[in-house]
Each structure stands twice: as C-alpha cells, then as structure tokens.
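I am opening a notebook on a structure that is new to me.

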Amino acid sequence: MHGGASAAPAVGGWRIKVLVLIPTLGIGGAEMDLVRTLPRLDRARFEVVVCAFISRGILASQLIDAGIEVVGPVADHAHPSRPLDKASGSAARAWQALLRILPSGLVRVLRTGWSCLSHAGPIGWKIRHDGFDIVHAILPSSYLLGVLANPLLRRRPLVMSRVSLNWYQQEVPALGRIERRMLHKMVDLVIGNSQAVLQDLRQEGLADRKLLLVHNGIDATAFATRMIERHQAREKLDIPQSALVLTAVGNLFPYKGHADLLEALHLLRDRLPPDWVLLVVGLDAEGHLAELDRLSSRLQLSRHVRFLGQRQDIPAILSAADLHVSASHTEGFPNNILEAMSAGLPVVATAVGGVPEQVVHGVTGLLVPARSHAGLAEALGALVADPERCRSMGRAARERVRLQFPIERSVAALEQVYDGLAHRRSVRHRAAVPSG
C-alpha cells in the first residue's frame, strides 16, 4: 500500500535508494513509526534499506515481511572495527579503568562516540558500495553516525528525524554541544514530529529552511481491525466485565511518569470503584519494574495494578479499556496516544512536548501539568465520575485521529522529502560533470 503522493517517476528514471539508520528495531515510538511508514512508500520510486546498527530487535521481522530490507548489526558485516570496551589486552583494561573514574555523563558520550566511530567505516563503505542516494538518521546516535559515515566517501544528502524534546542534551551537555556545533551544520534537512520539537531545533540554531514538521500518522481503520470485542478482551486478560480499566503504554523509563500515575491513583483511591484495574504495558529496559512494584505495594495498589511487560497486541489491550493515561515528563509526539485515540478512548495526559497537538483539552481528553499528582488525580476523577463524557471524548478522539493524523499524510510528506533531496543531489552531480 502506497502513500498519498502522486506517482511521479523517480529522479532521472531510477529508483531513489535510501539508507535509514536506527540503533535498534525494538518496540518504541520511533521504531513503530518506521514500521507504519516505510512499507507504504511507493516501491516504484523508492528502495529503502534499514540499518539497525546495534541490534535488530523484535520489529525487524515486520519490516522484512513487508518487503523492506533490514541489515545489521554492523558487527555482523565484514569489518574489523569494534568498540574499545569489547577489545582485549592492556588497551581494554586501560579503557575500563578510565571509564570507572570519569563522570557518568561523559562516559555515555565516550561510549556513544566510540561506537559511532567504529561503525562509521563499514556504514560509509555500504553507502558508497550499494549506491545509496540519501541517508536518513533516526535518533541522536544515528545522527552522529550518519554525519561521521557520510563524508568518508562521496557525501549524500542527509536527513535527520528528531522524535523527542532535547532533554537528553541537558543530561549529557557534551552531546548537545556536538549537535549544535557540528552535526546541525552537516545535515540537509531535519524532520520534527511536533511543533514543540521544531521549537527546540530552532533554539539550537537550525534555520527554518532546514526544518520540516511531519506528525506521526496512524491508519485508524487498520488499527480498528486489530481490536476485539470489549468482553473478549477482558476475558483474555482475566478482568471482570464490570471493572473500570485504565491503560498506560510506554517503556518503563522514569521520564514516562509511571510513579506519578501510581501516586495520583493513591490520592484518588476513595473515588474509584472497588474493582478498578490499571494495565501498564512496556519493556523494563533499565530495571525500574522492581521499584514501581515496591511503590505500588507501599501505596496499597498492588491488587489493582498489572505490569504486562512488552506486548505487541496493543489493540487488543486497549479494547478492554475505559480510559487511557500518559503521565510523561517529556514527549515528542507519542504513538501510544495516537493508538488510544484510534481505539476511541478519552486520554488524560501531561501537557508536554507535542501532546497538546494531539489531545484537545476538554474535547478528546484532559491535559494536566507534568509531575502533578494532584492534577492527574483530579482529571482522572472527573472522567471516572462521568462515563458519558468519557464516551463522547472517545468518539471525538477517534474522529480527530482520522482527520488530522492519517498515515497517508505522513507517507506523502516523507516521499516528498526523499524526492526533493534526490533531485538536489542529481542537480549537483550534473553541475559537477563537465559538458562534452
């Protein structure tokens, strides 16, 4: 299935070949966006290869099944480079000793930088050897890698997608300085998935001519076909049919605000029905589940809260829900909210990043300040007490997604980006070749 752009011929009569760089294809917002978007590109005009240079992840098979080539990790290919912390001998011992005494933020920069340097050679070789026309970097480490690899041979147009606010630059200031002083000068175009993200990029010194807004999109109709009847969903999850069911979908990173949500539910406990359930879906990538379990127990919420881990049956889980919650401290344009709206659920969410571009306060859900336990509890309580308002907001949410965030619009925008960059490269090549 292709995007909504007109079926113009490829530049110069050939298919535009794009290398997409991403660290891994595990379940996450950026990765899910690729899975939804790339298979819809017009195959007559575009050939896309995804390089998951750290690890393939669980979503790689979905791209492969859709006919998108996936390569990587880079270590699988014939190149001798590998990170110093995996080397042997005295160099490795010295490297490990240095890492133990340096500040943690600097250690992260060094590890990321060295990893990118070790990957840059083989990826630069691949860009040249396989004849790619465009390099598209997703996430900060891919951006650094793309800038390092791209000029090693003959430079291709480079586009970067920023899918979050720049909070990581505050945690690791050195990375922010590298992006501002070097990477932004080397990129041809930066795609932001919300106005809030674009504002960050402007403050980092990028000119508007290099910026493009492309909201994440979703096929609401296809999503609905993966949903199941409410009673079946509850039976599968062993939830009483009469229960109030809330959902929160997001990997268990502290910035996702799961602890805030638990605190808010504790404040709200006397206003909730006796058989309420919170379903928490997300990978425990950094070992925070035990901490959340302890907090849930201390707040006497354990019998109501279920941590389901990483799941791929999100439509079925949302089918069981009455209300969706996002308590994040920072976001770009979260896919979990798009999915909940597609499922016809009202959303209570923190007003961070691009969330106010998704949720219309008082129409499709309620917005509250980040880190506000009382605000979150009050908003949840208001909707729990008014089921008809919940249903009305859910209907409005589904319609908003259908009209404002269709996947076809996102695909068409990406096709136009690739077309424009390939045309620019073609013009430069013709200008560089002496006439006969």
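**Pocket and cavities**

I began with the second largest pocket, whose lining by class has 14 nonpolar, three polar and six charged residues; here Ala, Val, Leu, Ile, Met, Phe, Trp, Tyr, Cys and Pro count as nonpolar, Asp, Glu, Lys and Arg as charged, and the others, Gly among them, as polar. I note that this is a predicted model, in which local features need pLDDT of at least 70 and side-chain atom pairs count only at pLDDT 80 or more, while totals for chains, interfaces and linings use all residues. Residues are numbered from 1 along each chain as its sequence is written, and side-chain values use heavy atoms, with hydrogens and water left out.

The second largest pocket holds about 420 Å³ of space. It is lined by 23 residues, and Arg 230, Ala 321, Asp 322, Leu 345 and Arg 391 are the closest to its centre. Helices H13 (314-319), H16 (373-384) and H17 (387-404) each give two or more residues to this lining, and the largest share, six residues, comes from H17. For my own reference, on a 1 Å grid over the protein atoms alone, a pocket is an open set of points with protein on both sides within 12 Å along at least five of seven lines, a cavity is a set where a 1.4 Å probe fits but cannot get out, and lining residues have an atom within 4 Å of a point. Grid points are joined across faces, edges and corners, and a volume is the space filled by probe spheres set on the points.

I then searched the whole structure for cavities of 30 Å³ or more and found three. The largest cavity has a volume of about 210 Å³. Its lining has 17 residues, of which Asp 33, His 136, Ser 161, Ile 191 and Val 214 are the closest to its centre. H1 (29-37) supplies at least two residues of that lining, as do S4 (134-138), S5 (158-162), S6 (189-192) and H18 (407-432), and the largest share, four residues, comes from H1.

**Whole protein**

Which elements make up the secondary structure of the protein? I count 18 helices and 13 strands, taken as DSSP runs numbered from the N terminus (helices H or I, at least four residues; strands E, at least two). Of the 436 residues, 54% are buried, meaning under 20% relative accessible area with a 1.4 Å probe and protein chains only.

Notes:
Buried < 20%, exposed > 50% of the residue type's maximum accessible area, 1.4 Å probe, protein only.
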